[in-house]
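Visitor: I have a model open and would like to go through some of its details. Can you take my questions as they come?

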Amino acid sequence: MTPHAAQPLDPRRYHEAAPRQVDTQAERMPVCLYLEVTNRCNLLCTTCPRTYEELEPPADMSWELFTSIVDQVPGLARAVLHGVGEPMLVKALPRMVAHLKARGTYVLFNTNGTVLSEKNGRALVEAGLDELRVSIDAASRASYIRVRGKDYFERILRNVRAFRALQEREGLTRPRVSAWLTGLKETLHELPAFVRVAAEAGVREVYLQRLVFFEQDSIGLARPDQGLYESMDRTEAAILAEAEAEAARLGMTFSASGAATEPGMSLRRPEDGTPWSLCRRPWNVMYVTANGRALPCCIAPFSQRGYENYTLGDATQDTLRAIWNGPAYTDFRAALLSDRPPEACASCGLRWSL
């Protein structure tokens, strides 16, 4: 029996696919792919590095590159179709979703909701999208403009409200729709109101997402002093409790306990001061940029400036298998297993969750 024919993996628990590792070689191909279908965006978020510098040449992932990557991993459990851009700007997005769903893959992405029209929404429904995460990041127009850089708050709420109404009217259960707010000190006080805003738009799930920031050379609001982890005071904790109570009152799902970017990815820190040692991503996950650059995970672009510091391969030049257990990946895993991890990983788990 091949590894891909083994017991099917629950796509929502993909992070548990590999046990604690001691080997720099991965026994199986990645079970989760982050495919940055575009690095273009129509917002100017103050917490995103692409707002301030060009990480790579602007591009949409070509259909040829997309299918080449996906078809090399026939046992793929989970695909996340976002990176540092807005995926719904890509015309081929529904086709990409359908291609993955035909292979039995669980598919999701984050969107800013600005172009979630009825036409685009229906196309995603018909393609079989499993999960649609709408990053709104504010409960008021003024806060939205301050954090997101553009005045789209009311448009997004109209779009989401209309899409959820469409789902309710036609009895559609997929995609699951959730609303996300990045945990900034500037906007945390709005969290209970954010829960109400989401409920009014018909969304039944709300998540507080941990801010990912540069430890040094911070950009915009993505600064250590803006994050909540290890620095939350009693007032801020009370706000979280109020939001939890409001969600319960409204019959909603609310999660902020780990403030992880992926529910279930918040792991207990080891007491020996090596939080990175718990990370399984280099044995489970590969992130591929719109231009084909292979990175270790979705946090890497936020943790150290310059993709050249943690590029592990080029999917336009090599096969995924050659990259996955090639010299750059095995060296990266070896460093992660040591007491001198890659710089992009050294603080991971200290100020944001794994």
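**Salt bridges, a helix pair and some loop residues**

Guide: Start with Arg148, which is buried, its relative accessible area being 8%. Keep in mind that this is a predicted model.

Visitor: What does the side chain of Arg148 meet in a salt bridge?

Guide: Its partner is Asp137, at 3.2 Å from N to O. Arg148 belongs to helix H4 (residues 141-148), while Asp137 sits in the loop between strand E4 (131-135) and H4, so the pair links distant parts of the chain, 11 residues apart.

Visitor: And Asp137, buried or exposed?

Guide: Buried, because its relative accessible area is 5% and the cut-off for buried is under 20%.

Visitor: What is the phi of Asp137?

Guide: Positive, about 70 degrees, although Asp137 is not a glycine.

Visitor: Back to H4. Which residue forms a salt bridge with Arg141?

Guide: Asp151 does, with the closest N and O atoms 2.7 Å apart. Arg141 is in helix H4 and Asp151 in the loop between H4 and helix H5 (153-170), so this bridge ties together parts 10 residues apart in sequence.

Visitor: How accessible are Arg141 and Asp151?

Guide: Arg141 counts as partly exposed at 45% relative accessibility, and Asp151 counts as partly exposed at 42%.

Visitor: H5 next. Which residue does Glu168 form a salt bridge with?

Guide: With Arg164, the closest N and O atoms being 2.8 Å apart. Glu168 and Arg164 are four residues apart in helix H5, so about one helical turn separates them.

Visitor: Which of the two is buried, and which exposed?

Guide: Arg164 is buried, with a relative accessible area of 11%, whereas Glu168 counts as exposed at 56% relative accessibility.

Visitor: How many salt bridges does a search of the whole structure find?

Guide: The search finds 15.

Visitor: Change of topic. How do helices H1 and H2 pack?

Guide: H1 (residues 63-71) and H2 (residues 93-101) pack at about 20 degrees, and their axes are 11 Å apart. The two helices are therefore roughly parallel to each other, since angles under 35 degrees count as such. H1 passes H2 in a right-handed crossing.

Visitor: Which residues make the contact?

Guide: On the H1 side, Trp63, Phe66, Thr67, Val70 and Asp71; on the H2 side, Arg95, Met96, His99 and Leu100. Five of the residues in this contact are nonpolar, two are polar and two are charged.

Visitor: Now a glutamate. Where is Glu36?

Guide: Glu36 is in the loop between strand E1 (32-35) and H1. Glu36 counts as buried, at 0% relative accessibility.

Visitor: What is Glu36 in contact with, leaving aside its neighbours within four places in sequence?

Guide: Its contacts include Glu56, Met61, His82, Gly83 and Val84, and also Tyr287, Val288, Thr289, Ala290 and Tyr307.

Visitor: What separates the C-alpha atoms of Glu36 and Glu86?

Guide: 9.1 Å, for two residues that are 50 residues apart along the chain.

Visitor: Last one. Where is the cis peptide bond involving Pro175?

Guide: The bond runs from Arg174 to Pro175, with omega near 0 degrees. Pro175 lies in the loop between H5 and strand E5 (176-182).

Notes. Residues numbered from 1 in each chain as written. Predicted model: local features only at pLDDT ≥ 70, side-chain atom pairs only at ≥ 80, totals over all residues. Heavy atoms only, no water. Axes fitted to C-alpha atoms, helices over the stretch in contact; angles between N-to-C directions. Parallel < 35°, antiparallel > 145°, perpendicular 65-115°, else oblique. Left-handed = near helix turned anticlockwise from the far one by under 90°. Contact = heavy atoms within 4.5 Å. Nonpolar A, V, L, I, M, F, W, Y, C, P; charged D, E, K, R; others polar. Salt bridge = Lys/Arg side-chain N within 4 Å of Asp/Glu carboxyl O. Buried < 20%, exposed > 50% of the residue type's maximum accessible area, 1.4 Å probe, protein only.
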